[in-house]
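Me: Hello! I would like a close look at one part of this protein, with the cut-offs spelled out as you go.

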Amino acid sequence: MNPKLQRKIEHLENIERFPAEELFKFIQLNKEDELLDLGAGTGYISFSFAKYVKKVVAFDYDNDILQYLEVKAKEKGITNIEITAANFKAMPLENERFEKAVASISLHEVQPLSLVLDEIHRVLKDKGIFLCIELEKTEMTNAPRVSSKEMEEQIVKAGFSVIDTLHPPTQVANQFVYIIVAQKKHGN
């Protein structure tokens, strides 16, 4: 494994964040669901959610990271994770395939944001649930960030109804986060 990839994996595996299981409060999982994990990285969401759904599609632009995730899934005996490496703005996935989609700390890097939100809308089934976990934009932040208010506006423009927006006290990598629960509008 090349040193750059090794460093990235170590960073992703050791980043301080709340347990993925805490997200179960915001998203109801069913055994027949297919779930899209957008920006899957090393599998933080994929591994926690896989045992509760039929299939998880771990989606990331970084194929090397996904190869690592696939090896880890085999080691853990998890057989219902499928990996897909591609651009978030043009996902090679079928229309209305997923009941649920989760994007965890991955959308702040994508410009324009509207393209990826349109893609999430396209691949979700009617009334599908989209869970967005993202780093809050503050005056102290120099890195790319999207404020919760702007994210809400963009999610609504993409054809979703915002069910809830939360600002948990838990931080990720010493940064405040927000969680938006949205639903694809019926017939939209």
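In which sense do β1 and β4 pair, and over how many bridges? Please take me through the surroundings of these strands too.

Reply: Happy to! This is a predicted model, in which local features need pLDDT of at least 70 and side-chain atom pairs count only at pLDDT 80 or more, while totals for chains, interfaces and linings use all residues. Residues are numbered from 1 along each chain as its sequence is written, and side-chain values use heavy atoms, with hydrogens and water left out.

To your question: β1 and β4 pair in the parallel sense, over 4 bridges (strands pair if DSSP finds at least two bridges between them).

Strand β4 covers residues 98-104, and because 7 of its 7 residues are buried, β4 is largely enclosed by the rest of the structure (buried is under 20% relative accessible area, exposed over 50%, partly exposed in between, with a 1.4 Å probe and protein chains only).

Back in β1 (residues 34-38) you will find D37. D37 counts as buried because its relative accessibility is 1%. Its side chain makes a polar contact of 2.6 Å with that of S46 (a pair of N or O atoms within 3.5 Å, one able to donate a hydrogen and the other to accept it; residues adjacent in sequence count only if both atoms are side-chain atoms). Beyond neighbours within four places in sequence, D37 is in contact with several residues, including I45, V57, F59 and V102 (contact means heavy atoms within 4.5 Å).

On the helical side, Q154 sits in α5 (residues 148-157) and touches L113, S114 and L117, leaving out residues up to four places away in sequence. Q154 is buried because its relative accessibility is 18%.

Of its 188 residues, 49% are buried. Among contacts between residues at least 6 apart in sequence, 69% join residues at least 24 apart.

Methods: Helices (H or I, at least four residues) and strands (E, at least two) are DSSP runs, numbered from the N terminus.
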